[in-house]
Amino acid sequence: MHGNSDNILSAIRIEKGFPGTKALDKVDFHLRRGEVHALLGENGAGKSTLIKCLTGAYRRDGGSILLDGAEVDPRDTFDAQRLGIGTVYQEVNLLPNLTVAENLFLGRQPRRFGMTDTRTMNRKARELLAEYELDLDVTRDLASYSVAIQQVVAIARAVDLSGKVLILDEPTASLDAHEVAMLFRIVRRLKARGLGIIFITHFLEQVYEISDRITVLRNGQLVGTRETAELDRRDLIAMMIGRELAAEIQSRHTPGNEGRLRYRFRNYGRRGRIDPFNLDVRAGEVVGIAGLLGSGRTETAEVLFGAYRADSGTAEIDGRAVELSSPRAAIRQKFGFCPEDRKTAGIVGDLSVRENIVLALQARRGWTRPISRAEQNRLADHYIRALDIRTADREKPIKLLSGGNQQKAILARWLATEPEFLILDEPTRGIDVGAHAEIVRLIESLREKGMSLIVISSEIEELVAYSTRVVVLRDRAHVAELSGDRITAHEIVEAIAAANQGRAS
Amino acid sequence: MTATVKTYLGRLLPQLIVLAAIVFAISMVFPGFLNLQIQNGRLYGSLIDILNRGAPVVLLAIGMTVVIATKGIDLSVGAVMAICGAVAASLITSGHSLLETLFATLAVGILCGIWNGCLVAVLDIQPIIATLVLMVAGRGIAQLITEGAILTFNDAGLIFVGSGSFGWLPMPVVIWLVFGVLVALLVRQTALGMLIEAIGVNRQASTLSGVLTPVLLVAAYVLSGLCAAIAGIIAAADIKGADANNAGLWLELDAILAVVVGGTSLLGGRFSIAASVLGAIIIQAINTGILLSGFPPEFNLIIKAAIIVFILVLQSPRFRGAFTFLQIPRAAGKPTEREAK
């Protein structure tokens with residue numbers, strides 16, 4: 001029936017249910033030989049579940065999987081690998097403390113007299129990596145290489161083991177532009193070799209750059225499969241999140257800045273983290289911070305919030321000098337800070353959504369003045385509704401929520417303290433399109449209410465949309481400031497690029 | 001309010017069931033086990049004996065619970081017991097009043113806690129190493145105080161702490177009951193409990209949210225030191241002397257075990273003082289049961305270990321997943337939600 005010989009992998013009417021939810025509802029998915037097929041959808045749409053059914057990590061409840069026209073039934077991921085389906089995850093699932101060669105040949109080391117033949121293994125590893133344009137010292141620990149290199153090693157291992165289908169689950173989430181380009185060169189090469197490649201990502205630009213076809217899932221159902229070339233971005237977003245929200249994202253504007261000057265940082269900095277900088281922030285203003293990874297964006301946020309104490313300069317609020325020596329001191333001045341790394345610095349995973357929301361407010365009140373349970377419930381319910389945090393109930397541990405909803409809960413944690421100065425470090429990273437739009441909308445409404453915000457983002461388009469001013473960073477120093485009509489994606493990129501030329505000369 | 005009572009009982013249900021099962025098993029073999037009688041205005045019986053003998057481990061477990069909730073561990077409590085017993089004995093024999101002796105001894109326990117807490121919170125040393133220092137050094141300090149001998153005393157007041165009674169109950173039971181209730185109220189009626197859990201789950205996120213992390217960490221170790229001091233006084237009063245070599249020996253391990261049997265994760269976070277107290281009593285009930293059974297003493301530790309492995313298996317998520325009908329209502333559905341994600 002679907003045994004089209006072009007298809008290397010066909011999943012037909014896959015069903016998977018969890019108690020209370022139908023995670024996949026008769027989803028069809030076809031992967032051709034030599035194509036890059038993007039699998040898209042919001043968090044919770046069923047992408048991961050579908051992948052896990054294909055790789056045997058989950059047992060499907062119904063439907064069939066055809067590999068090369070023959071029905072297969074992978075019992076677990078090893079089985080899938082043996083059949084020809086390899087997977088590479090966002091967080092590299094290799095062993096950082098083993099050498100590159102050992103990682104490539106783990107479990108199948110070449111042997112001589114019953115011992116691992118290290119020399120042959122290293123030679124084979126070098127040959128294997130040469131196919132990926134990588135010339136590494138394969139005897140060094142994997143951990144000594146960048147995430148991008150580790151990613152490629154993981155791909156090399158998966159392809160070498162499997163060789164028919166390669167699944168890339170958000171491989172680019174922690175890579176910079178240069179590394180993404182390298183990864184894509186490799187993906188194109190594998191594609192030319194006839195592999196079928198499934199690519200999962202949140203970055204739509206990359207989808208358009210690399211994929212041949214796109215399949216969109218929503219709420220566990222197939223929305224459709226389209227040729228990438230024939231699907232424009234607006235229609236794609238509409239497929240993913242529905243018409244209404246899609247329209248919202250399109251209608252953005254650049255606001256002006258007329259509020260009174262409230263925050264003055266002069267010569268503010270900390271040696272070894274961020275060079276001294278001057279920064280003024282008005283009421284009702286969003287100051288965007290742009291720059292490459294490692295340019296000092298996060299360091300700027302941390303020194304402003306007192307996570308690292310400034311060792312030079314002064315801070316003034318409404319003309320009076322203040323000490324921002326610790327997060328507690330900053331919070332007393334009505335500061336709030338959503339850190340970049342949500343998992344390690346943001347959420348308190350085992351605690352409930354309610355406790356995560358009241359945490360900062362409770363910390364500010366001190367332990368002797370507990371917020372009553374009724375008040376906690378009221379606050380949590382208020383923000384769950386106001387920010388549309390999708391959770392079964394407020395007592396659910398926050399780690400079980402999707403990334404976007406965790407981010408909203410952390411925003412709620414700060415909003416509950418009624419902050420006047422809010423620092424957001426990559427508030428939209430790694431979250432789905434729907435939550436993304438809602439957070440952008442929230443930033444704008446907070447600005448309209450007169451709050452002062454500092455927003456760090458790698459997405460330049462996004463900075464353009466909500467910033468009243470953009471500060472550009474390079475080499476841990478503030479190097480340019482754009483305002484008014486000069487806030488365009490083009491100008492920001494120019495400023496970053498100019499700065500980089502400056503470094504080169 | 002009834003809902004919170006229900007979740008509270010739900011949390012303690014596994015421990016209550018295990019305790020009931022052990023008591024039932026022992027009473028099947030020894031019909032007199034459940035008997036209680038009043039002599040000289042005080043309750044006597046094996047059950048009371050369990051509560052009484054278990055006092056030091058119960059007290060240590062109370063402090064240990066809070067330390068473990070912060071993702072720490074306190075290996076020094078046994079040694080601190082020895083130090084405090086020695087301090088109490090030497091002060092009372094050198095003529096200080098009972099009140100002075102008690103306060104000074106508790107202060108020494110608190111000092112030990114501050115030392116541990118500062119190593120962990122200020123110098124950022126891993127708790128297991130930081131408290132190992134005092135675990136090793138503590139017994140030496142205690143021996144210095146007692147000058148190597150067992151320091152005996154005859155002060156009626158101090159002995160009363162270990163073997164007197166208040167109402168119908170032995171004094172140690174009254175002490176741990178009152179202290180346990182006070183600590184439980186302190187952490188749950190204020191925001192301390194939640195803030196401590198937050199630190200245990202994610203210290204960095206808590207600090208960034210404005211939680212006074214170092215102070216609360218030190219406070220947790222201070223509480224543990226205080227608990228060890230009280231346990232040390234009781235242990236010394238019980239034998240009317242301070243034995244620097246044996247007082248509290250290996251009890252830190254029993255205390256950790258009590259916390260684990262009580263269902264608090266060694267990874268920090270959610271904790272229940274009541275459950276740890278039940279855990280300590282379970283361990284003591286096992287001890288008493290084995291002693292009563294008349295097995296050769298060599299078997300005691302092995303049987304104890306086997307029973308504890310059994311309890312831990314009962315608590316493991318994998319086992320609960322396999323026997324969903326055993327699950328308490330609140331925990332039901334949790335593993336499947338994780339899968340769905």
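In chain B, residues 24 or more positions apart account for 77% of the contacts with a separation of 6 or more, two residues being in contact if their C-beta atoms, placed from the backbone, lie within 7 Å. The model is predicted: local features need pLDDT of at least 70, side-chain atom pairs count only at pLDDT 80 or more, and totals for chains, interfaces and linings use all residues. Residues are numbered from 1 along each chain as its sequence is written, while chains are lettered from A and ligands numbered from 1 in the order in which they are written.

Chain B contains 16 helices and 6 strands; helices (H or I, at least four residues) and strands (E, at least two) are DSSP runs, numbered from the N terminus. With a radius of gyration of 20 Å, close to the 20 Å that the globule rule gives for 341 residues, chain B is as compact as a globular protein of that length. This radius is taken over C-alpha atoms, and the rule is 2.2 Å times the number of residues to the power 0.38. Of the 341 residues of chain B, 49% count as buried. A residue is buried if 20 or more other C-beta atoms, placed from the backbone, lie within 10 Å of its own.

Gly95(B), which follows helix 4, has a positive phi near 95 degrees.

The largest nonpolar core holds 256 residues, of which Leu60(B), Ala61(B) and Leu195(B) touch the most other members. Such a core is a set of buried Ala, Val, Leu, Ile, Met, Phe, Trp, Tyr and Cys residues joined through C-beta atoms within 7 Å. Helix 11 of chain B (residues 213-239) supplies the largest share of this core, 19 residues. Leaving aside residues up to four places away in sequence, Leu195(B) touches Gln362(A), Ala363(A) and Trp367(A), together with Val211(B) and Leu216(B).

Between the chains, 27 residues of chain B are in contact with 29 residues of chain A. Helix 9 (192-201), helix 10 (203-208) and helix 16 (334-340) of chain B each give two or more residues to this side of chain B. Helix 9 gives the most, with 6 residues.

How values were computed:
A residue is buried if 20 or more other C-beta atoms lie within 10 Å of its own, exposed if 12 or fewer, and partly exposed in between; C-beta atoms are placed from the backbone.
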